Amino acid sequence: MSYLTYFNRLFPVWAVLLAAVAVLVPDWFSGLADQIQLLLTVIMFSMGLTLSGRDFARVVKSPAPILVGVALQFLIMPLAALLISLALSLSPEITLGMVLVGATAGGTSSNVMTWLAGGHVALSVSMTMVSTLVSVVATPLLTWMLLGQSVDVPTLGMLMSIAQLVVVPVAVGVVVHHFLGDRIKPVEPVLATLAMLSIVLIIAIVVALNVDRLTTLGPVVALAVVLHNGVGLAGGYGMAKAAHFDERTARTIAFEVGLQNSGLAVSLAGQFFTAGAALPGAIFSVWHNVSGSVLAGWWKRRAVLEVQEPDARESGEVNE
């Protein structure tokens, strides 16, 4: 095993370690908030370099995983948010914040974790885009149905954000791969390392920006957020396996269901409701990056047993 491969496999360690440093010395990272979009762009471009147009063509030809994943996204997460909130007797405003998190689309973190875990990146990107489009109707509808609250989803802003942070950099990477594919293959471990360092830094920045909320967070609310994320990851994976999808697809669906666009939930809560309602989304933003990185690292160490198609490179694997 090369040193680079070993370094990459310790991804969860670096994520937790840097998150801890951000809690202790938040000033080291909070000033880097403006760099999050640039870091995400670098990650998405790196992923695009490992993909080809054929990868997305295969996703389009077999849309069942997208349909199942998006359906699970808007069934499991909103209901889990409400049931967990009721079970833990959370206040109405915290319950509202939990449901808002559950009713949003998958976040861009799902694409990164899918890549690092050896999932189907093209499928993950496609699911994020589809769930974002569906959320334009689903987010306000589910919030109203479950809580009797109405919200206006910033449709254009969401679509522009996904285009800028996901679609464009991935598309540019795919184009570059088309012309330089053979030259890119040998440096894929370097690309994975670059993405890993970027997401670890993003985690530290997010933790630093929310350290005040973390220090005043009640244990019951923390438990609710952890349970919500865990139900999404486990439910997405379990239901995907129950639907007889292969291991890589199941991992992809797990991340897409369990990792939410919690930043949008925070924005909606702050705009239409209360600061307290924004708390679950803020904590979710921190926790799902940490839990996702740990799970991605754990899955990365466990080889996929199914026979794979020749395009296995799309997972960004860095095995020896």
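**Exercise 1.** Work out what span the twelve residues of helix 14 should have, and compare this with the distance between its end C-alpha atoms.

*Solution.* Helices are DSSP runs (H or I, at least four residues), numbered from the N terminus. The expected span is 1.5 Å times one less than the number of residues. For the twelve residues of helix 14 this gives 16 Å, and the end C-alpha atoms lie 16 Å apart, so the two agree.

The model is predicted: local features need pLDDT of at least 70, side-chain atom pairs count only at pLDDT 80 or more, and totals for chains, interfaces and linings use all residues. Residues are numbered from 1 along each chain as its sequence is written, and side-chain values use heavy atoms, with hydrogens and water left out.

**Exercise 2.** Describe how helix 8 and helix 14 are arranged.

*Solution.* The axes, lines fitted to C-alpha atoms over the stretch in contact, come within 9 Å and cross at roughly 155°. Angles over 145 degrees count as roughly antiparallel, and helix 8 and helix 14 are therefore roughly antiparallel. In contact (heavy atoms within 4.5 Å), Ser-110, Asn-111, Met-113, Thr-114 and Ala-117 of helix 8 meet Arg-251, Thr-252, Phe-255 and Glu-256 of helix 14.

Technical notes. Axes fitted to C-alpha atoms, helices over the stretch in contact; angles between N-to-C directions. Helix = DSSP H or I, 4+ residues; strand = E, 2+ residues; numbered from the N terminus. Parallel < 35°, antiparallel > 145°, perpendicular 65-115°, else oblique.
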